[in-house]
Amino acid sequence: MLIRLIGGTVYDPASGIDGQQQDIYIQNGRIIDKPQGEFKVDQDYDLKGKVVMSGAIDMHTHIGGGKGNIARTLLPEDHRHDPVHRSDITRSGCGHAMPSTFVTGYRYAEMGYTAGFEPALLPINARQAHMEMGDIPILDKGGYVMLGSDDYLLRLLTAKKDQKAINDYVAWTMHTAKAIGVKVVNPGGINAFKFNQRKLDLDEQNAHYGVTPRDILQVLATAVKELGVPHPLHVHGCNLGVPGNVQTTLDTIQGIGGLPMHLTHIQFHSYGTEGDFKFSSGAAQIAEAINSNKNITVDVGQILFGQTVTASGDNMRQHANHKFASPNKWVTMDIECDAGCGVVPFKYKDQNFVNALQWAIGLETFLLVNDPWRIFLTTDHPNGAPFTSYPHLIRLLMDRSFRNDILSTIHPEAQKMTTLASIDREYTLQEIAIMTRAGAAKLIGLKDRGGLSAGNFADITIYTDNTDRQKMFEKPDYVFKDGQLVVVDGKVVSTKWGTTHVVKPDFDPSVEKGLKDYFDRYLTMKLGNYKISDDEIIEDGRGSITVHPLSS
Amino acid sequence: MIEITEVPSPFCGIGTDDLTIRVEGLSLKVIENGCAVNTPAFEQAITDIRPRVNGQEVDLDVAIKSAAALLKDTHLPVIGGCATDVNGMRGLLALADRTGAVVDNMNFTGARNNFLALQDSGWMNTTLAEVKNRCDLLVVIGTDLEAFAPRFYERYIWNKEAMFVEDTSSREIIYLGKAPSGSASTSPSGKQAQILACETQDLPEVVAVLRALVKGQPITAKAVCGITVSDLQDIADKFKAAKYSVVTWAAGALAYPQAELTVQQLSEMIKDINNQNTRCSGLPLAGKEGDQTANQVCGWTTGYPARMRFSAGYPEYDPFLNDTNLLLANGEADALVWVQAFNSKSVPPEVSLPTIVVGRSGMVFTKEPDVFIPVGTPGIDHVGHAYRMDNVVAIRLKKLRDSGLPSTAEVLNAIEQAL
C-alpha cells in the first residue's frame with residue numbers, strides 16, 4: 001500500500017527542513033522516496049495548509065513500573081473524575097494524573113506522540129515496567145535502567161574495582177533489564193536512606209560504603225560513554241526540591257568533567273535561597289551553565305497548576321516532602337537492595353508562592369537555554385503535571401502574551417522573583433519539532449525515528465496551523481504510526497502495538513560469576529530467574545524488540 | 001524423566017525459586033526445597049483434560065462457544081476467583097471489559113484491609129531482600145507466619161549471611177497476637193521468639209496502645225487485653241533501638257470488622273518510628289492464589305485493584321459492593337465465571353446462575369457448572385508471570401511439562417473473540 005501526503009508544510013529538523021512544502025510517501029510502514037517512473041497511489045491525503053512533523057517522542061515519562069501502579073492504586077478519587085468508556089476499537093480505563101495503560105497509549109497518540117520512554121526502570125522491577133508498557137497501545141517505548149543505589153554497584157566501588165568491572169556490570173544490567181539508557185536517581189541517596197541518612201550532598205559519604213554521589217556519577221557516566229550507549233547518563237541529581245540546590249546542580253555539571261550527562265527535570269534542581277521566603281530562581285545560572293557546557297542536555301520537568309501525583313525512585317526526598325502531600329496520603333518503599341520509590345500526591349497552586357515560582361523557574365529555563373537540541377519538553381509526567389498538559393505547555397513557550405497573561409495572575413511575590421516577564425523569546429514550530437522529535441530521537445539514539453526523510457519509520461503527525469498553539473497541538477488532524485493511520489481529528493481510529501527500543505552493549509560474560517555468588521548469598525532470586533528474556537516481551541504476539549546501534 | 005532446577009513457585013507468595021522438580025510424563029515430584037504449601041500444589045495430579053458442557057465432555061471450541069453463548073446477553077456477569085498469571089488476568093480483564101462484568105479477586109476481602117488503609121493514608125513498606133539483609137527486629141502481628149509461608153524464616157531471617165547484619169541468629173522476633181504454630185521462628189542458635197499473645201480481635205486495642213507508647217503518650221492502664229503495658233513499652237523501646245525494624249501482617253488473618261483500622265494504626269506507627277531518627281518498614285504478607293497478580297494487572301489496566309466492575313462501560317471501584325458473594329446473594333449477578341488456575345480445591349460458590357469455570361484440572365464440583373474448561377497451571381503447564389507478596393517483584397514462571405492444557409489467557413481470549 002502506497003500512501004501519499006500531498007503539499008503539507010513540513011518541519012523536519014533531522015533533515016534541516018524548516019517549514020517547506022513537501023510530499024511524503026509511505027510504504028510498508030516506512031517513509032520512502034518518491035517512486036521512480038509510473039506508480040499507483042493507494043491513498044492520498046491533501047495536506048495543503050497543514051503542518052507536518054514526525055511523531056512526537058516523550059523522552060522522560062513515567063508510564064511503566066511499580067511506583068506508577070502504586071500511584072494509581074493510591075488515588076481512586078482522581079480516576080473517578082475522568083472515566084474513559086470502551087468503544088468498538090478501544091479499551092476502557094481511567095485518565096487524569098496517572099492514567100491506565102490503555103488510556104496512556106490513546107491519549108499520547110491523540111496528541112501526536114508515537115513514543116514514550118520510562119526513565120526509572122528498577123532492575124528488579126523492570127519486568128513489571130515492560131509488562132505495563134506492553135499494555136500501552138500504539139506507542140513505542142523503552143526504559144532507562146536505574147543504578148547508583150544498588151548495593152552491588154556500591155560494593156564494587158568500595159572494593160575499588162576498576163572501570164571495566166563497572167562497565168561489564170552496567171552492560172549486563174542493561175541486557176537483563178532490556179534498557180536503552182542508564183539512569184541514576186539521587187546517586188547513592190536511596191541507599192543512604194536505608195541507613196537512616198536523610199540527605200546526601202554531592203560530596204557527602206554514604207554512611208556504610210563511604211562512597212559519594214560524585215563518585216557514583218563519575219563511574220556511571222564513564223561506563224555509559226565507554227560502552228557506546230548513545231543516551232548519556234540520565235541524572236536525577238542530589239537534593240531534589242531543596243532550596244539552594246542550584247549550587248549542587250552547578251557543582252554536578254562542573255564535576256562531571258565534560259562527560260556526556262543528561263540532567264532530568266532540571267526545574268526541580270534550580271532553586272536558590274534568596275528573597276523574603278528564602279526560595280528563589282536559579283534558572284539563569286543553570287541556563288548559563290547549560291549554554292556553555294555542550295556535554296550537558298536537560299529536560300525541564302515543568303510544573304503546571306492543578307492536582308497530580310509525584311512518583312519517584314527518590315524515596316529519601318519523597319519522604320522529606322511527604323508533609324506537602326495533598327491529599328494527605330503517601331507511600332515510600334525500600335526495594336530489594338536495588339532502589340526504592342516514593343509516591344506523594346501533589347496539588348500545585350498558582351497562589352502558593354513556592355509552586356508559582358516553580359512554574360516560572362521551569363519556563364525561564366526553557367527560554368534561557370539557547371540550543372533546542374539540548375533541552376527537552378517534559379513535565380516529568382506525572383510529577384510536574386500529567387502529560388496531557390503538553391499542548392498548554394507548548395502554548396506557554398510559543399505565545400509570549402499568553403504566558404504573560406498567566407504570569408500576571410500567579411502569587412504576586414512570585415511574580416517579583418522571576419524575570420519571566422522580561423523574556424521575549426517565543427519558540428518556533430521548528431524549535432518545538434526539535435525538542436519533541438528530532439532532538440529526542442538523537443538524544444536517545446533511536447535509529448530511523450524522529451525524522452521524515454526516506455528510510456524513517458512512518459511515525460507522522462499532521463496538525464492544522466492555528467495561532468492558538470494549545471488548540472493546534474491538542475488535536476492533530478492525522479497521526480500515522482508505522483504508516484498506519486491511528487488518529488483522525490484527535491481521536492483514535494485504529495490501534496496497533498509499538499516496539500520496545502533497547503541497546504545491547506557488550507560485556508565480558510565472566511561478570512556473571514561475581515553476580516551469581518552475590519545473588520545466591522544475598523538476594524531473593526536466582527540469577528537465572530532474574531534475567532528478562534526477549535520471549536517475555538514478544539511471546540504474547542504483540543510486543544517486539546528493536547535493538548539500536550551503539551555509538552562508535 | 002527429567003529434573004528441573006531453580007523452579008519458581010507461584011503458590012507460597014514469598015517467591016521461592018530454588019525448587020528441584022522431577023518430571024515423569026505428567027507427574028511432578030518436588031525433590032528439593034519443597035514445603036507444606038508448595039509441594040502439594042506442584043504435585044497435584046491432572047485428572048480432567050477435556051472440557052465439559054452440562055457434564056458432557058466436548059472439544060475446547062464447543063466449550064468456548066457455549067461459554068460465549070452463556071455470557072452473550074447477561075447484564076451483570078461476575079468474574080470471581082481471578083486466580084491466574086499476568087497473561088490470564090490480561091485476558092480476564094479484556095473479557096470483563098467486553099461483557100461489562102464485575103472483577104473480584106477471591107482474596108480481596110482480606111486484602112481490602114490493606115487497600116483501605118493505603119488509600120486513606122498510605123504506608124512505608126519494604127521488600128524481602130531488604131528484610132534478608134537489613135532486618136534486626138521483626139514484629140509479627142496477628143499472623144501465623146510459618147503456616148502462611150513455611151520457608152519464610154529459613155530464606156529471609158535465618159539466612160547464613162546478610163550484608164548488614166553481622167550475626168543473623170541475633171535477630172529479634174516478637175509475635176503480637178497469634179502465637180506461632182511451630183518453631184521456625186526460633187533462631188539457629190536456639191533463641192526463641194518473644195510471644196505476646198492476645199485474641200486476634202483484641203489487636204485493635206493492643207496496637208493502639210503500642211502506637212501511643214511509640215509516640216510517648218502516657219498510658220495509665222497496667223495491661224491491655226492480657227498484655228502488660230510494660231511489655232508493650234519494651235517493644236516500643238526496641239523499635240527505637242533497632243536500625244531497621246520490620247512489622248509484618250497478613251491482611252486476611254486480621255479477620256474482624258474494620259481491621260483496616262489496625263493496618264492503618266500499624267502503618268502510621270511505622271511512619272512515627274521513622275520520624276524518631278531510625279528506620280522501620282511494613283511488610284504485608286500476600287501473594288497467594290494470584291492475588292497480588294490480580295491487583296497489579298487490574299491496577300494498571302483500570303486504575304483500581306481487583307474488586308471493580310465494567311458495567312457502566314468504564315471501570316468503577318467499590319471494595320464492598322463488588323464482592324462476589326454479595327452480588328450472588330442479593331440476586332444482582334446473572335452469571336458467574338470462576339477463574340482459578342492454581343488450586344483445584346478452590347471451587348466456585350454454589351449458585352443457580354449460569355456458571356462457567358475456567359479452572360485447574362481436578363476440580364470436584366457438588367453442582368456441575370454449565371461449562372467447565374480445565375486449564376494449565378501457570379508455572380507448571382505454561383510459562384507466565386506471578387507477583388510475589390512484596391508487590392515489586394514479578395517472578396518468571398517456568399513450563400515444567402507438556403500437558404496440552406490451554407492457558408487461562410488462551411481460553412478467556414477465545415471466549416472474548418467468540419462474543
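This short talk walks through a predicted model with chains A and B, going from the parts of chain B to its contact with chain A.

Let me begin with how chain B is divided. The domain assignment gives domain 1, made of residues 48–107 together with 289–418, and domain 2, made of residues 111–285. If you look for the C-alpha centres of these two domains of chain B, you will find them 34 Å apart. Where the domains touch, domain 1 of chain B contributes 9 residues and domain 2 of chain B contributes 9 residues, and on the domain 1 side those residues divide into 5 nonpolar, 2 polar and 2 charged.

Now to the sheets of chain B, of which I will show two. One is an open sheet of 3 strands, ordered β1-β2-β3, in which the pairing is antiparallel. Its edges are formed by β1, residues 2–7, and β3, residues 27–32, and because each of these strands in chain B has a single partner, one side of each is left without a neighbour in the sheet. From one strand to the next, the twist averages 30 degrees. Within this sheet, β1(B) and β2(B), the latter covering residues 19–24, pair in the antiparallel sense over 4 bridges, and B:Ile2 has B:Val23 in β2(B) as its bridge partner.

The other sheet is also open, with 9 strands of chain B in the order β5-β4-β20-β19-β18-β6-β7-β16-β17, and here the pairing is mixed. Which strands stand at its edges? They are β5, residues 56–57, and β17, residues 316–317, of chain B, each with a single partner strand, so one side of each has no neighbour in the sheet. Further in, β18(B), residues 335–340, and β19(B), residues 355–360, pair in the parallel sense over 5 bridges, with B:Leu336 partnered by B:Thr355 in β19(B). Helix α2 of chain B, residues 60–72, packs on this sheet, where it touches β4, β6, β18, β19 and β20 of chain B, and its direction makes about 130 degrees with that of β20(B). Helix α3(B) packs on the sheet as well, touching β6, β7 and β18 of chain B, and its direction makes about 170 degrees with that of β6(B).

Let me turn next to the largest nonpolar core, which holds 301 residues, and in which A:Val182, A:Leu220 and B:Val103 touch the most other members. This core draws at least three residues from each of domain 1 and domain 2 of chain B. As for A:Leu220, once its neighbours within four places in sequence are left aside, its contacts are A:Leu147, A:Gly148, A:Val170, A:Val182, A:Val184 and A:Leu233.

That brings me to the contact between the chains, where 51 residues of chain B meet 47 residues of chain A. Several elements of chain B each supply at least two residues to the side that touches chain A, among them α3, α4, β8 and α11. Which element gives the most to that side? It is α5(B), with 6 residues. Taken by type, the residues of this side of chain B divide into 19 nonpolar, 20 polar and 12 charged.

Finally, strand pairing also links the two chains, for β18 of chain A, residues 330–335, and β8(B) pair in the parallel sense over 4 bridges. In that pairing, A:Met333 stands opposite B:Asn125 in β8(B).

Methods
Residues numbered from 1 in each chain as written. Chains lettered and ligands numbered in written order. Predicted model: local features only at pLDDT ≥ 70, side-chain atom pairs only at ≥ 80, totals over all residues. Contact = placed C-beta atoms within 7 Å. Nonpolar A, V, L, I, M, F, W, Y, C, P; charged D, E, K, R; others polar. Pairing = 2+ DSSP bridges. Axes fitted to C-alpha atoms, helices over the stretch in contact; angles between N-to-C directions. Core = buried A, V, L, I, M, F, W, Y, C linked by C-beta atoms within 7 Å. Buried ≥ 20, exposed ≤ 12 C-beta atoms within 10 Å, placed from the backbone. Domains from an automatic or database assignment.
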